[in-house]
Amino acid sequence: MCGINGIISNSFSQAELKQKISLMNNSIIHRGPDSEGVFTNEGVALGFRRLSIIDLSSNGDQPMISSSGRYVIIFNGEIYNFPSLKKDLVKDFSVSFRGSSDTEVLLSLIENYGLKKALEKVQGMFGFALLDNIDNTLHLCRDRLGEKPLYYSIINSELFFSSELKPITNLLKSKLTLDIDNINFFINKSYFPEDSSVFNQVKKVIPGTVISLNLNGNKVSNLSTWPYWDFKDIVKESINNPVVNYEEALSSLDDMLDVKVKERMISDVPLGAFLSGGYDSSLIVSLMQKNSLKKIKTFSIGFHSALHNEAEEAKK
């Protein structure tokens, strides 16, 4: 799972920044029990809690600094196509890697292609922060469909961000007020609007979007939001290029699902799957087993109520 935290402020000393970012890290230790990382510079603090999945060594620790020293990244998520991207980087740029993590591949992609093109190339789920020491900017990036959360708050030109609300609320407390309209929305819809939260002062990075902020004297200024992906473009492309052959579409879907499930099975720790009695999880488990020599471990939950119980279907 992992978790990221960050502070941009000129109100704190280096010692205070380290203390506050450590407090933020401690409040999300459940997201990353394996290790903790902190990066501080003048007015900047980045924190990370790690759940080790790929490259269990210290080479996968974060915050991670690029080979040139220009970029610092804290990354929560997974890049599923990182092995092929890694091969391209070695071939096209003669990049050498010190470890085998997908984070290092992402950082190298950004360094060699730039952030926008790198985001277009990666396939995965993520929320990450990228500090650019040359342009003196910070980028907050969220995956295409918003699988990984990323909250932020800007108050008096100071930025606080995190994978969860709790680290932000713990620090800001009295500065936050409840958004009654959003609470009413949640009561009716069971979710908050895509860029909002329960607090007026805390927002979410919109899926498929990057928020870029200039760090002028360690104060946040010139916030800009730009999308790098939009599902509407995919819909338009499908409308303009429809598949008319059903058998071709069926075969294409079968191949695509097989590849995507296989990519998601890259791990240096044991894998398993939550298995209900439905089509989705059953299909995923069957494709996992197709791509594994070992028996796939599955986990299910049953209920005494026959109306809600799928345990028997899961067992079958």
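**Close-up views of a predicted model**

**View 1. Surroundings of leucine 215.** Leaving aside residues up to four places away in sequence, leucine 215 touches Ile8, Val44, Leu131, Asn136, Thr137, Leu138 and Val220, a contact being heavy atoms within 4.5 Å. The model is predicted, so local features need pLDDT of at least 70 and side-chain atom pairs count only at pLDDT 80 or more, while totals for chains, interfaces and linings use all residues. Residues are numbered from 1 along each chain as its sequence is written, and side-chain values use heavy atoms, with hydrogens and water left out. Leucine 215 belongs to strand β11 (residues 209-216); helices (H or I, at least four residues) and strands (E, at least two) are DSSP runs, numbered from the N terminus. Leucine 215 counts as buried because its relative accessibility is 2% (buried is under 20% relative accessible area, exposed over 50%, partly exposed in between; 1.4 Å probe, protein chains only). Between leucine 215 and threonine 40 lie 14 Å in space, C-alpha to C-alpha, and the two are 175 residues apart in sequence.

**View 2. Threonine 137 in strand β7.** Strand β7 (residues 137-142) contains threonine 137, which counts as buried at 8% relative accessibility. Its contacts, not counting residues up to four places away in sequence, include Leu130, Asp132 and Leu215.

**View 3. Phenylalanine 231 in helix α7.** Helix α7 (residues 231-240) includes phenylalanine 231. With 48% relative accessibility, phenylalanine 231 counts as partly exposed.
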